[in-house]
Each structure stands twice: as structure tokens, then as C-alpha cells.
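Subject: Structure handover

Hello,

Here is the structure you will be taking over. My notes on it follow below.

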Amino acid sequence: MAMLALSGAGQSPEFFRPSLTWLGERQSPEGGLSPSATVNDVTWVGTLCSFLPESLWGGEARGASLRWLLQQMPEDQSFLFRLRMWMLGAKKPDVSGGAGWSWYPGTAAWLTPTAYAVLALRKLSVTDRSEAFERRLLQGQQYLISRQCADGGWNHGSSRSLGYDGDSYPETTGLALMALRGAGIEPKALQSALRRAEAHASTCRSAQGLSLLQMGLAAHGRLAQPLVGKQTRCRSTMDHAHVALAAQTLAGRSVFW
Amino acid sequence: MNSAHIQTRRSLLAATGALAAAGCGTTSPPQVKQKVSILRAPSYNADLLDTLRRGIAAHALDVKGKRVVLKPNLVEVDASVPINTHPVFVHAVAELFTSLGAASVRIAEGPGHRRNTWELAEVAGYFDAFPDFEQRFTDLNLDEVRRVPIPDPHSELSELYLGQTVLGCDLLVSLPKLKTHHWVGATLSMKNFFGLVPGGVYGWPKNVLHWAGIDASIADIHKLLPPHFAIVDGIEGMEGNGPIQGSPRHAGVIVMGSYLPAVDATCCRIMKIDPQRIGHLTLAAGAAGLAEEYITQAGETIPSVQTEFALLPVFDFLRLKATG
């Protein structure tokens, strides 16, 4: 996230050399990345490299990242999962829920990795509109739409469980709105989502939550003034990175689209 | 398909899982009786520290010079229900261990749904309770990790990544909330340690544990713990559709001990839940190891504080038929 924010701020390629070396060491031959030097497993984090400019993450590294992204299919699309859901009381197989992306191999799809994957594919499909791209993009968008909470927003991806509606969160509502930019979401659902995002914005205090809401609302042309201001408290690098990314988005320079 | 059939299907699955865990539990009962204390605590008031001090003294828990890590249950925030370990409770425990000579007392948690742990902690009131919360707290989701092999795992997992803060401490203290749970029946000191597993590796939620089997994963994490202790916030608990969407239930107790299955078994009995039907408890201790005769009950008696917690209908089979 820090690299994305700094790349959007126009830092020179030389500045990123150590970070790019570190990222290169994390990339597996299949194209995915592990989240740290002490973790061997490839996880969702590789998706974020897709937002780096080609001048920083290009050539074979970029191609491998994309191939990896397209190959990922969550475990909830498997027969075993559907059988388990039936045993747990799902009334019928969910055929309209699309297919998202998981955080970790061999597990189900969840909202955040799916939203970033959709954003990555849409950004990259500007130059590559292959059938595989389009199909996977559509599946991801369907997943996001199917996970909208009853209150209009999004949470971690469990909008309803055991007959109870789940409440949405500010940060995931903003992120889902970003990913559904230009996705042709039904107007009523979109209005409900935007209302929820604005409601979250009026109570949310966190830098990441406000930044993602700012980007989500901006993605749909619904922001008159910045949500993130000088009073917003940043406690971590992630906070600072999100604030910078939100400011860049409002200035018309989003790394996400 | 009607809801009765669905209910039956899920009930069957839950009951089968619990019985299988009970039948397959290969863990031997502890060689010595395990001590668990029950203390009355009607509210989060000024007496809390004294009550905790009495409890810890009864266990002769030596924390002098030790690096202590407190692991509260910090999940989500809804002002209308007590989801999280009360920050005043965590503060009282921290104050107590500091006064007993601990070298350091850190608070560490890795919430399973929200990536922004700092915001969660702030809204949950932890910054109000601890003026130095930023210096004291470790977000276990983003901690440096090390891969740890699981000896004779119950689940499909052979190893887990865990945070260095936890692996490097001298005493890990589980501070759960007394709650029912919509997947495993009850969430107490053992289930609380799901929060040790780093979201930065496994995601939000830590879905890898669900796929490997929730009960079996809880029992596996228990095998990887450094020296540990549990102090359960049972003052205001949650019944019904816990751990997030249930209803408040006042129980007015604190339960503590060093053998987590025994602590959780006692909590279950207080809630009128049969611990020998909770899958992860039977996996960790064996059904026999949860029997009352293996537990030395100190402080209040179970019948004197017993408070029936409502269960989802799917968990009717967990209801304790009689005490003793």
C-alpha cells in the first residue's frame, strides 16, 4: 500500500529499487506473492502489485501476476463446499453469487481480496480484453453484488448468516463501491450503497475507513468535499498510505483505475 | 424445503461433530485435578481489582519478572450488546499483573473480521481505558510470524504461522467473554485463541481454520501455546446467536485457571451447557478430562452462580440436563 501511494505521488523508479527487489524475492514461479520473508505461502497480496505502474512492475513479473490472478478460484466453488452448505441448511445452491477470490489458497472467497482482484482486472483489461479476463471479471462483480448487506453496505463478505443479517463496515463498503465503479450495478442497489457509505462517513473516525469511503464515493461521482482531513488520526503506515491514495483519487489520479 | 428439515440437517451435523469429537478424543485426562476458581463480580466497578487479586492469589500465579501478554476478545462493536471483553476488565488485569511484578504487560489481539484493529479498539473503548494503549498493544494480524509445526494435529493442518509477540512471551493470558457461539456452542478461553492466528497471512476471517475444522483447529492451537492462564469476563455475557448477534446476559462471575479445558468446562456448566458435548473441549481434554471430578472447584460453587444462557435451537442437544 505504501508503494502504491508513493508511486501515485510520482516518486522516481530509483526510489523504489529496494522495495522492488524485496517484492521480486516474494514472487513465486507461478506469479503469486507471499506476504513476508518468513511466510512461504502465496496469498492474495500479489493482487496489489497489479496497481503499480508498468515502469515499476512490468514485463514477466507483471505477466506472471496476472496469470496467477486469473487462475485463482476459491474453494467455495467446489462440490465439497456446496455439500457442506447443504448440510448446514442452505436452501438451494447459490448459482447467482458469482465467484470471488480468497485470502489464502484452499479457502472461500471474501470481500476484500475479491474487490482488489476486480479492480486489478478492470484496470488491466483496458489493454487486454480477452474472454478469460471478461468472464472472470464478471464473476467477481457478481460475487460483490451478491454480498451486499441488507443495510446497503458491505462487510467482510458474510451478509447473512443463519437467518441473521450482518451489518456493513465503513472500509469494506468503500472498497466494494470502488470495485463496482462502472460495473452496471442495479440503480436501486447502488443508491442504497451510496446512502450507506454516506451514513458511515458521518460516524467513521478511522483514517482507513474514511479514505476508502472517500474513494468509493468518488468512484461514483458522489463527493463534494474530502472526508479525510487534517484532524484524521493516522496510526500506521497503512493509515498514511490510504490517506494519500484517497487524496490522489480526489485529485483525479487514482492508482486503482 | 422447510425450515424444520434445515434445522434437522444442521442439528444432525452439529451433534455428529460433537459426538465424534467426544468419541475420538485421544487426549488423556490430566494426571492431577485442575483447579478452577469462580468469583462473584456483580459489575465492572472499583472492587474488580480486589476480586481479581484474590483469585490470582488462590492460584499462586507467579508473574514476577515475566513478559505477560493479555489476549482479550475483540471482535466487532455494537453498543447494544457486550461482544468484547470489557476494557475495564482488561485494564484491571493489566494493573494487577503490573503490581505483582511482571516485567511487562502487553495487550495483543488479531480480530477476525475487521482489518483495522486500531479503530476497533478505539470504538470498543480500549483507548479510554488505557492512556498508553498505542504503546501497549500489538496487532497480532500484522505481527512478525514464525511457522510452528502442530504435533499430532486433530485438524487437517500440519503447521500454523503465529506471531512472535505470543511465541516469545513468558505467560499468555486468555481474557475471553462468556458467550454462546453459533458454530461451536460456546466461545471461551480456548476459542479466544483464534485471535492468535495472523490475518496478515490467512486473511479476515481466518478461513483456513474453518476449512480445517473449527473444533479441531481450536484444539490444535491449544497445543502450540506458551505457558498460559485464563481469566474469563463473565460479568456481562452473551446468549443466543453469539458471538456477535446474541443478547446480553448478566452472569456476574469471573472464572480463572491454568488448564483451559477445565476453565471452559466450568464456564459451560455455569451457562447450563454440557461441556462434554462441546467438540473442541473433548478433543483437547477427552470427555473424561472434563468431568467434574477432575476439576477442583474453588471460590463459589457452580449451582450458586449458575445462569442459564439461551441457546440457538440447533444447539438444544448441548443443554446440561442436571448439575453435578
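Ser65(A) is buried, with a relative accessible area of 4% (buried means under 20% relative accessible area, exposed over 50%, partly exposed in between, using a 1.4 Å probe and protein chains only). This is a predicted model, in which local features need pLDDT of at least 70 and side-chain atom pairs count only at pLDDT 80 or more, while totals for chains, interfaces and linings use all residues. Residues are numbered from 1 along each chain as its sequence is written, chains are lettered from A and ligands numbered from 1 in the order in which they are written, and side-chain values use heavy atoms, with hydrogens and water left out.

Ser65(A) sits in helix α3 of chain A, residues 59-71 (helices, H or I with at least four residues, and strands, E with at least two, are DSSP runs numbered from the N terminus). Its side chain makes polar contacts with the side chains of Trp57(A), at 3.1 Å, and Gln27(A), at 3.4 Å. A polar contact is a pair of N or O atoms within 3.5 Å; within protein, one must be able to donate a hydrogen and the other to accept it, and residues adjacent in sequence count only if both atoms are side-chain atoms. Not counting residues up to four places away in sequence, Ser65(A) also touches Gly31(A) and Cys49(A) (contact means heavy atoms within 4.5 Å).

Next, the nonpolar cores (sets of buried Ala, Val, Leu, Ile, Met, Phe, Trp, Tyr and Cys residues joined through side-chain atoms within 4.5 Å). The largest has 135 residues, and among the members that touch the most others are Phe51(A), Tyr116(A) and Leu160(B). Helix α5(A) gives the largest share of this core, nine residues. Leaving aside neighbours within four places in sequence, the contacts of Phe51(A) include Leu4(A), Tyr116(A) and Phe256(A).

Last, the interface. Chain A contributes 42 residues to the contact and chain B 34 residues. About 3,700 Å² is buried between the two chains, with 57% of it from carbon and sulfur atoms (buried area is the accessible area, 1.4 Å probe, that two parts lose on being put together, summed over both). Four salt bridges cross this interface (a side-chain nitrogen of Lys or Arg within 4 Å of a carboxyl oxygen of Asp or Glu). Arg233(A) and Glu134(B) meet in a salt bridge at 2.5 Å, N to O.

Regards
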